[in-house]
Amino acid sequence: MTDTEATDDWCLPDDREAVRNALIEWYEADHREFPWRRTDDPYEILVSEVMSQQTQLDRVVDAWEGFLERWPTTADLAAADRAAVVGFWTDHSLGYNNRAKYLHEAARQVEDEYDGEFPDSPDELQELMGVGPYTANAVASFAFNNGDAVVDTNVKRVCYRAFDVPDDDAAFEDAASDLMPHGKSRVWNNAIMELGGVACTQTPRCDETGCPWREWCSAYASGDFTAPDVPTQPSFEGSRRQFRGRVIATLREYDELELDALGHRIRVDYAPDGEYGREWLEGLLGDLVDDELVEIERGDDGVRARLRR
Ligand code: SF4
């Protein structure tokens, strides 16, 4: 699909490159530091993925470090006594023991069937015991930069809110693949999962986290933050967020507007000298200027606002 084509049901922004770059820059500027994000060793990544299937990421860190200290390579794990591996799993409250057994078995497969070298494609990785499509793709992405776009609950929520992708697995797959820059699955999948994990959470934190997609986001513009896993509107402190979204959406439509013209377009009860008038709107615009989303110009004919380019 080219940058200007739309699908039947939704439309990704024309400027796909800007959307991609904004997210990657946002991720690279700041993100949660998990130790497995600093490695491209497929074994270490597989262990982190299996552990985090049932355990909160913060709690996985200690377990992951302890596991790799004890069994640093697939060869070490393959040679381990299965009871010891299962015992470690239980001691660290990592969920179903079967996962420990599968991990142990997968290490043996890597040693016996692949000469100690992990396969690098999602399809081949799925041949390993206990490795399903999601985990295979995560290992292919984070270890080999060779994965497809990850589609998990967080990614679905982001796509649904930002680009109106319908609640349909095939649509999510298409949208996520179309968004991902070619050959960049490592950084991309980390970045979009981070967006869903810290910014586009069930109660979204669009402004607090400086979400890089506010400019394009349909939910931010409309104020409707429901999602497949958020069936009713999450509650916010006040509705300021919604009006910020409307300002962005309106300025996208009109390029530039004088203060009162903008005010009347974003709320029906706008009255220049009233409670929701110029002073209120200038405050709202001031926040958007601070966030580098909007710029304002003061001239003889009043204040004019436009989106920052
Ligand atoms: S602007 Fe808000 S709702 Fe939209 S993608 Fe960002 S965090 Fe999610």
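Me: Why is Glu282 called partly exposed?
Reply: Its relative accessibility is 27%. Buried means under 20% relative accessible area, exposed means over 50%, and partly exposed lies in between (1.4 Å probe, protein chains only).

Me: What should I know about the model itself?
Reply: It is a predicted model: local features need pLDDT of at least 70, side-chain atom pairs count only at pLDDT 80 or more, and totals for chains, interfaces and linings use all residues. Residues are numbered from 1 along each chain as its sequence is written, and side-chain values use heavy atoms, with hydrogens and water left out.

Me: What makes Arg298 and Glu282 a salt bridge?
Reply: Their side chains meet at 2.8 Å, N to O. A salt bridge needs a side-chain nitrogen of Lys or Arg within 4 Å of a carboxyl oxygen of Asp or Glu. Arg298 brings the nitrogen, Glu282 the oxygen, and 2.8 Å is within 4 Å, so the pair qualifies.

Me: Which parts of the chain does that pair tie together?
Reply: Arg298 lies in strand S2 (residues 294-299) and Glu282 in helix H15 (residues 278-290), 16 residues apart in sequence. Helices (H or I, at least four residues) and strands (E, at least two) are DSSP runs, numbered from the N terminus. The protein chain has 15 helices and three strands.

Me: Why is Arg298 called exposed?
Reply: Its relative accessible area is 56%. That is over the 50% limit, so Arg298 is exposed.

Me: How do you know that Asp178 and Arg16 form a salt bridge?
Reply: Their closest N and O atoms are 2.8 Å apart. The limit is 4 Å, so the pair counts. It links distant parts of the chain: Asp178 sits in helix H10 (residues 169-179), Arg16 in helix H1 (residues 16-29), and 162 residues separate them.

Me: Asp178 and Arg16: buried or exposed?
Reply: Asp178 has 15% relative accessibility, so it counts as buried. Arg16 has 0%, so it is buried as well. Of the 309 residues of the protein chain, 48% count as buried.

Me: What joins Glu256 and Arg306?
Reply: A salt bridge does, with the closest N and O atoms 2.8 Å apart. Glu256 belongs to strand S1 (residues 256-258) and Arg306 to strand S3 (residues 302-307), 50 residues apart. Glu256 has a relative accessible area of 27%, so it is partly exposed. Both residues belong to a network of salt bridges that also includes Glu295, Glu297 and Arg304. The whole structure holds 16 salt bridges.

Me: Where is Glu292, and why is it called exposed?
Reply: Glu292 is in the loop between H15 and S2. At 52% relative accessibility it passes the limit, so it is exposed. Glu292 also has a positive phi, about 60 degrees, although it is not a glycine.

Me: Which residues are around the ligand?
Reply: They are Arg161, Ala199, Cys200, Cys206, Cys211, Arg214, Cys217, Tyr220 and Phe225. To be listed, a residue needs a heavy atom within 4 Å of the molecule.

Me: How many of the shell residues are nonpolar, polar and charged?
Reply: Seven are nonpolar, none is polar and two are charged. Ala, Val, Leu, Ile, Met, Phe, Trp, Tyr, Cys and Pro count as nonpolar, Asp, Glu, Lys and Arg as charged, and the others, Gly among them, as polar. Arg161 and Arg214 are therefore the charged pair.

Me: How do you know that there are two domains?
Reply: The domain assignment gives domain 1 (41-144) and domain 2 (240-307). Such bounds come from an automatic or database domain assignment. The C-alpha centres of domain 1 and domain 2 lie 52 Å apart.
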